Amino acid sequence: MGMKVYGLTRAPNLARVLISLEEVRAEYEIVPVDFATREHKSQAHLVRNPFGEVPAFQDDDVMLFESRAISRYILRKYKSELLREDAPKEAASVDVWLDVEYGKYSVPTGAIIYNVIVKPMYDEEVDQQVVDTNLEKLNEVLEVYEARLSQCKYLAGDFISFADLSHFPYTYYLMSTQYKSVFDSYPHVKAWWEAIMDRPSVKKIAEIMFKKEL
Ligand code: GS8
């Protein structure tokens with residue numbers, strides 16, 4: 001039985017897992033979870049992800065949730081260079097920037113895309129104050145990124161890693177909004193983002209995310 005990823009391809013946290021699978025050229029299957037019928041809250045799905053979220057993942061007897069943990073499992077299983085596990089110092093740097101992505105970058109970015117993209121899909125009003133506060137927070141984070149990326153080409157060092165690729169899903173959504181201009185003040189961040197977008201795995205998943213509705 002091959003690896004299975006449960007969820008919708010347009011879900012950004014699922015895209016993180018798909019990029020990891022593409023990076024190691026694994027065979028996998030996407031099993032759709034229908035949000036319209038609230039299948040993600042069904043008993044069958046809660047067994048896969050007790051928080052009723054996507055993605056969920058299965059590789060034989062290994063069942064996981066949380067997109068970064070799933071991705072690390074896949075990258076480790078295939079001994080990908082993206083985690084630098086053979087070099088503890090570099091691996092630690094990957095961990096640092098992965099934690100930064102989850103705890104500092106994706107919090108304000110997620111709040112912005114939730115307000116600007118998700119809420120209008122459900123005819124809910126955009127809370128501009130929330131958007132503005134989070135833009136401010138994102139700018140503070142990007143100041144740090146700009147300084148870091150003027151010292152090295154990628155976040156963990158002069159090598160691309162999972163820490164960089166993990167930024168793709170939320171940033172890709174942000175770039176489809178009027179707030180993409182937030183990157184304009186940070187030339188090194190912009191160049192870094194372009195390098196991420198140039199990666200074949202990223203190009204492939206970027207295309208699937210918006211085209212194929214599962
Ligand atoms: C977040 C999953 C999540 O929010 C992860 O896997 O990285 N930290 C987790 N999933 C959203 C879809 S957007 O990708 C989700 O399933 N939302 C439905 C809900 O919360 O009801």
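**Close-up views of a predicted model**

View 1. Residues are numbered from 1 along each chain as its sequence is written, and side-chain values use heavy atoms, with hydrogens and water left out. Helices (H or I, at least four residues) and strands (E, at least two) are DSSP runs, numbered from the N terminus. Here α1 covers residues 12-23 and α9 residues 200-211; their axes come within 9 Å and cross at roughly 140°. Axes are lines fitted to C-alpha atoms, for helices over the stretch in contact, and angles run from 0 to 180 degrees between N-to-C directions. On the α1 side, P12, A15, L18, I19, E22 and E23 make the contact, and on the α9 side S201, V202, K204, I205 and M209. Contact means heavy atoms within 4.5 Å. Sorted by class, the contact of α1 with α9 has seven nonpolar, one polar and three charged residues. Ala, Val, Leu, Ile, Met, Phe, Trp, Tyr, Cys and Pro count as nonpolar, Asp, Glu, Lys and Arg as charged, and the others, Gly among them, as polar.

**View 2. F210 sits in helix α9.** F210 counts as partly exposed because its relative accessibility is 41%; buried means under 20% relative accessible area, exposed over 50%, and partly exposed in between (1.4 Å probe, protein chains only). Leaving aside neighbours within four places in sequence, F210 is in contact with Y172 and Y173.

**View 3. Helices α4 and α5 are therefore roughly antiparallel to each other.** Helix α4 (residues 88-121) and helix α5 (residues 128-149) pack at an angle of about 150°, with axes 9 Å apart. The crossing of α4 and α5 is left-handed. By class, this contact of α4 with α5 has 16 nonpolar, four polar and four charged residues. In the loop between α4 and α5 you will find D123, which counts as exposed because its relative accessibility is 75%. Phi of D123 is near 55°, a positive value in a residue other than glycine.

**View 4. The largest nonpolar core has 68 residues, of which Y145, F168, F183 and W192 touch the most other members.** The largest share of this core, nine residues, comes from α4. A nonpolar core is a set of buried Ala, Val, Leu, Ile, Met, Phe, Trp, Tyr and Cys residues joined through side-chain atoms within 4.5 Å. In soluble globular proteins, nonpolar side chains tend to be buried together. Not counting residues up to four places away in sequence, F183 touches Y105, L142, T171, L174, M175, V189, K190 and W193.

**View 5. H167 lies in the loop between α6 (162-165) and α7 (168-174).** What makes H167 count as buried? Its relative accessibility is 1%, so H167 counts as buried. Residues up to four places away in sequence aside, H167 touches W97, E101, Y105, Y145, L155, W192 and W193. H167 and I196 are 29 residues apart in sequence and 8.8 Å apart in space, C-alpha to C-alpha.

**View 6. Y6 belongs to strand β1 (residues 3-6).** Because its relative accessibility is 8%, Y6 counts as buried. Among the residues in contact with Y6, beyond its neighbours within four places in sequence, are L14, V31, H45, R48, V54 and P55. The C-alpha atoms of Y6 and R48, 42 residues apart along the chain, are separated by 8.6 Å.

**View 7. A cis peptide bond joins V54 and P55, with omega about 10°.** P55 is found in the loop between α2 (43-48) and β3 (56-59). Further along, D60 is in the loop between β3 and β4 (62-65). D60 has a positive phi of about 50° although it is not a glycine. Most residues other than glycine have a negative phi, and most peptide bonds are trans. With a relative accessible area of 43%, D60 is partly exposed.

Technical notes: Predicted model: local features only at pLDDT ≥ 70, side-chain atom pairs only at ≥ 80, totals over all residues. Parallel < 35°, antiparallel > 145°, perpendicular 65-115°, else oblique. Left-handed = near helix turned anticlockwise from the far one by under 90°.
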